[in-house]
Structures are given as C-alpha cells and as structure tokens.
Amino acid sequence: MSKVVIYTDGACRGNPGPGGWAAILRYGKHCKELYGAEEETTNNRMEMTAAIRALEALRRPSQVILHTDSVYLMRGATDWMAGWKKRGWKTSSRKPVKNRELWEQLDLVLCKHDIEWVWVKGHSGDPGNERADELANVAIDEMLEATG
C-alpha cells in the first residue's frame, strides 16, 4: 500500500462568508496541490472539503498521514462519526448533525484508505500547514477577483 502525506486547511473570511480549501499531497518525490473556493460557506465546511477532495484525488487505497489544524474535522472523523451514524446522524443530544452531507462524503472516502490523523497547531510555522493555508486564501482571492 502506498504511503501518502497530506496537509489540508480551510479558510473563511467571515463565518459564514467566502471560503477556500486546500490540500497538499506528497508521495515520494511527487507533490500535488489542490484548492478551491465557495462564495458562502463556513470554516468547518472548508476544512472538511479539503480532506474530502484530497482523499478523492488518491487513485488507489493508500496509507495516509493526514495533517489538519481542525479539531472539528479530526474529532468528527475519529471520535464522533461512529456514534452519529448509529443514531441516524443525530448528535448525542438528538439534534441533527451539522454538515451531514459532508460527513457522509468523508465517511465514503475514509473507508478506502488507512488514515493516520495528525493534528497540527495552525499558524505555528509547520511548512505543510502554512502552505495549505496560503493556498486556501489564494482560492478565496481568485474567486473574489473572478466574481468582481
């Protein structure tokens, strides 16, 4: 199984507001950068979208070391999702899970890979996280310029 290192990040200007996501995938000597934006979204949605798009980009089942600065994304994927699914996508307080459609997409792509989650403190100088943050903001800037 191939080992891929991924860095993801989401950014939002206002919450909600214009948002961007980015992912950096590294495999051996290869590096691929992905990014995109949405006009009206939240930071959590962009964090999730970054992870989904990164994992969707993998062509075969892989061992993945996924770095994120989002506790929401990491805890949701590793701790909360199993319970939500058992309760029909309800929280422990029986409320509907926010961003359910994205959690369902993430669930589909997670099962294809062996994921090791690594939390990194945002804006703390980690080169992969800093680059992902930069790309997420480039995505917002490009979208805002295009929509003028």
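Modeller: Start with a helix pair. The axes of helix α1 (residues 43-56) and helix α3 (residues 100-110) come within 9 Å and cross at roughly 25°. Axes here are lines fitted to C-alpha atoms, for helices over the stretch in contact, with angles from 0 to 180 degrees between N-to-C directions. One caution: this is a predicted model, where local features need pLDDT of at least 70 and side-chain atom pairs pLDDT 80 or more, while totals for chains, interfaces and linings use all residues. Residues are numbered from 1 along each chain as its sequence is written, and side-chain values use heavy atoms, without hydrogens or water.

Colleague: How are α1 and α3 oriented to each other, then?

Modeller: Roughly parallel. That label covers angles under 35 degrees; over 145 is roughly antiparallel, 65 to 115 roughly perpendicular, and the rest oblique. The crossing of α1 past α3 is left-handed. Left-handed means that the near helix is turned anticlockwise from the far one by less than a right angle; clockwise is right-handed.

Colleague: How are helices assigned?

Modeller: From DSSP runs: H or I with at least four residues for helices, E with at least two for strands, numbered from the N terminus.

Colleague: What length does α1 reach?

Modeller: It has 14 residues and reaches 20 Å from first C-alpha to last, close to the 20 Å expected at 1.5 Å a residue. The expected span is 1.5 Å times one less than the number of residues.

Colleague: Which residues of α1 are buried?

Modeller: Among them are Met46, Glu47, Met48 and Ile52. Buried is under 20% relative accessible area, exposed over 50%, partly exposed in between (1.4 Å probe, protein chains only).

Colleague: Now α2. Where is its kink centred?

Modeller: On Trp80, with a kink of about 60°. The bend at a residue is the angle between axes fitted to the seven residues ending there and the seven starting there. The end C-alpha atoms of α2 (residues 71-86) are 22 Å apart, which agrees with the 22 Å its 16 residues should span. Its buried residues include Tyr72, Leu73, Met81 and Trp84.

Colleague: What comes just after α2?

Modeller: Gly88, with a positive phi of about 70°. Then look at the loop between α2 and α3, where Trp89 lies. Phi of Trp89 is near 60°, positive in a residue other than glycine. Arg94 lies in that loop too, with phi near 65°.

Colleague: Why flag those?

Modeller: Because most residues other than glycine have a negative phi, and most peptide bonds are trans.

Colleague: Is Trp89 buried or exposed?

Modeller: Trp89 counts as buried, at 10% relative accessibility. Arg94 counts as exposed, at 54%.

Colleague: Which residues does the cis peptide bond join?

Modeller: Asn15 and Pro16, with omega about 15°. Pro16 sits in the loop between β1 (2-12) and β2 (17-27).

Colleague: Switching to side chains. What does Ser62 reach?

Modeller: The backbone oxygen of Arg60, at 2.9 Å. Ser62 is in strand β4 (residues 62-68) and is buried, with a relative accessible area of 2%.

Colleague: And which side chain does Glu134 contact?

Modeller: That of Arg131, in a polar contact at 3.0 Å. Such a contact is a pair of N or O atoms within 3.5 Å; within protein, one must be able to donate a hydrogen and the other to accept it, and residues adjacent in sequence count only if both atoms are side-chain atoms. Glu134 is in helix α4 (residues 127-147) and is partly exposed at 43%. Its C-alpha is 11 Å from that of Ala23, 111 residues apart along the chain.
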